[in-house]
Amino acid sequence: MRVYSVSQQTLALILRILRTCCGELESSAVFRMVDLVCSFLDSGFLKEAIVLREALVQECTKIRKKKNKPLRPPPCAENVRSRSYKIYDFSAQELAEQITLMDFQHFKKIEIPEILRWGKKQSEELNPNLTEFTEHFNNISFWIRTCILLEERQQDREKIMSTCIKVLKCLRRMNNFNSYLAILSALDCASIRRLDWQKQFTTAIEELSSLIDNTMSFKIYRTALAEAKPPCIPYLGLILQDVTFTMLGNPDKLPDDSINFQGRWKLYTIVKDIEMFQNCQYEIDANVTIADFLRESTNHLTDESLYQLSLNVKPKEK
């Protein structure tokens, strides 16, 4: 029996509220939820922060669509089903390599001023490359969920789950922490987790999740990142958290109006690692077939649709 913490109960309530908003969420409520994401991060609840942020991004997208000209409607299950390949048609190593190649193409475009600006003002317009990288993270995560839940047979869902777990292990060896967390958050999301899985899968996910254990300020992950030899793609969410809290806790000027060099040095130590990782590229050859397949990651179902598919597979107990 799963025991839910106060943070999980709070998150579940907020997600239910978001699902009923239908793009009508007021800006003041958006800002409060952004503050809550920061509170989750500050308290060490990384998974809850990721889930709430993803839901908030979807809700803001709905608001933006209502204000601007109509955009193409989100794909329905019937349209998303029509794919020429399945994840398990490729080897885990090949998938991990091409995912990493795509990740790095987005990652190297991020400019340091964007990261520093994000610490003060989280603006999509001012930080286009950072926003693109974040959207890519969300696309990969929701695409994996979509691929699993669109399969009608349990054995096919397990084949995808098995492949994803192998991909995670390959991504870890390649020091691609970004897509590692994107795929891991997919396998451990509510729509997937509530289904019946063989013990080997649930055990594997628990073991893989130990990397992002939130105790002691994510000590295990930070140690792994510090020991990682480039090339490497860090998880940007935690970097942005560190930049934000460093800026909040270290004003530009000290009480005597002198420059706060200690605060500046802390920011420098964060951004210099990003620059180092950006300047060390992966030696990976592009695979056109897999690359085209992975570009379908933008064609995924919404959280609401995914949960409905999950209920179709396993209805709620009455």
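Residues are numbered from 1 along each chain as its sequence is written, and side-chain values use heavy atoms, with hydrogens and water left out. Because the model is predicted, local features need pLDDT of at least 70 and side-chain atom pairs count only at pLDDT 80 or more, whereas totals for chains, interfaces and linings use all residues.

A search of the whole structure finds eleven aromatic pairs, where rings of Phe, Tyr and Trp (its six-membered ring) pair if their centres lie within 6.5 Å, with planes under 30 degrees apart counted as stacked, over 60 as edge-to-face and the rest as tilted. In one of them, the ring centres of Tyr-85 and Phe-90 lie 5.2 Å apart with the planes at 45°, so this pair is tilted. Tyr-85, at 35% relative accessibility, is partly exposed, while Phe-90, at 12%, is buried (buried means under 20% relative accessible area, exposed over 50%, and partly exposed in between, with a 1.4 Å probe and protein chains only).

Phe-90 also pairs with Phe-293, the centres being 5.3 Å apart and the planes at 45°, so that this pair is likewise tilted. Because Phe-90 lies in the loop between α4 (77-81) and α5 (92-107) and Phe-293 in helix α15 (residues 288-294), the pair ties together parts that are 203 residues apart in sequence; helices here are DSSP runs (H or I, at least four residues), numbered from the N terminus. Both Phe-90 and Phe-293 are buried, and together with Tyr-85 and Trp-143 they form one aromatic cluster.

Notes. Helix = DSSP H or I, 4+ residues; strand = E, 2+ residues; numbered from the N terminus.
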